[in-house]
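Subject: Structure for your review

Dear colleague,

Please find the structure below, followed by a summary of what was found in it. I would be grateful if you read the two side by side.

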Amino acid sequence: MSPASKTVRQSVSLPAKVAAQVRNLAKNRRLSSNRMLVELIENGIEAEKRKQQEFFELAEKFRNATDPEETKQLGDKLGRMVFGG
């Protein structure tokens, strides 16, 4: 077994509502709850990476912007990404 495919047993406590959602998703996709959790976690990690990449691209545009209106719009968008809203 290669190091990349090695599995690690991890215990996680889930709220009952989340656990029920995971079971329902797994049942609908004909997967085990464990496999469904792995897929959800992998998807979440990829989403976080995309979000971070979008942030850095937006920050770069903000730094390079020369038009005051564009700078304001980009700054507002950055603020929403960081603080929500």
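**Findings**

Leaving aside neighbours within four places in sequence, glutamate 39 is in contact (heavy atoms within 4.5 Å) with Arg29 and Leu31. Please note that this is a predicted model, in which local features need pLDDT of at least 70 and side-chain atom pairs count only at pLDDT 80 or more, while totals for chains, interfaces and linings use all residues. Residues are numbered from 1 along each chain as its sequence is written, and side-chain values use heavy atoms, with hydrogens and water left out.

Glutamate 39 belongs to helix H2; helices are DSSP runs of H or I with at least four residues, numbered from the N terminus. Its relative accessibility is 16%, so glutamate 39 counts as buried. Here buried means under 20% relative accessible area, exposed over 50%, and partly exposed in between, with a 1.4 Å probe and protein chains only. Met36, Leu58 and Ala59 are among the other buried residues of H2, and the buried residues of this helix pack against H1 and H3.

The 32 residues of H2 should span 46 Å at 1.5 Å a residue, which agrees with the 47 Å between its end C-alpha atoms; the expected span is 1.5 Å times one less than the number of residues.

The largest nonpolar core consists of 5 residues, Leu58, Ala59, Ala65, Leu74 and Leu78. Helix H2 (33-64) and helix H3 (68-83) are the elements that give two or more residues to this core. Such a core is a set of buried Ala, Val, Leu, Ile, Met, Phe, Trp, Tyr and Cys residues joined through side-chain atoms within 4.5 Å. Not counting residues up to four places away in sequence, alanine 65 touches Glu70, Thr71 and Leu74.

In the loop between H1 and H2 lies arginine 30, which counts as exposed because its relative accessibility is 80%. Its phi is near 55 degrees, a positive value in a residue other than glycine. Most residues other than glycine have a negative phi.

The whole structure holds 6 salt bridges, each a side-chain nitrogen of Lys or Arg within 4 Å of a carboxyl oxygen of Asp or Glu. One of them joins arginine 35 and glutamate 42 (3.8 Å, N to O). In helix H3, aspartate 76 and lysine 72 lie 4 residues apart, about one turn of the helix, and their closest N and O atoms are 3.0 Å apart. Salt bridges that share partners also join Arg29, Arg35, Glu39 and Glu42 into one network.

Yours sincerely
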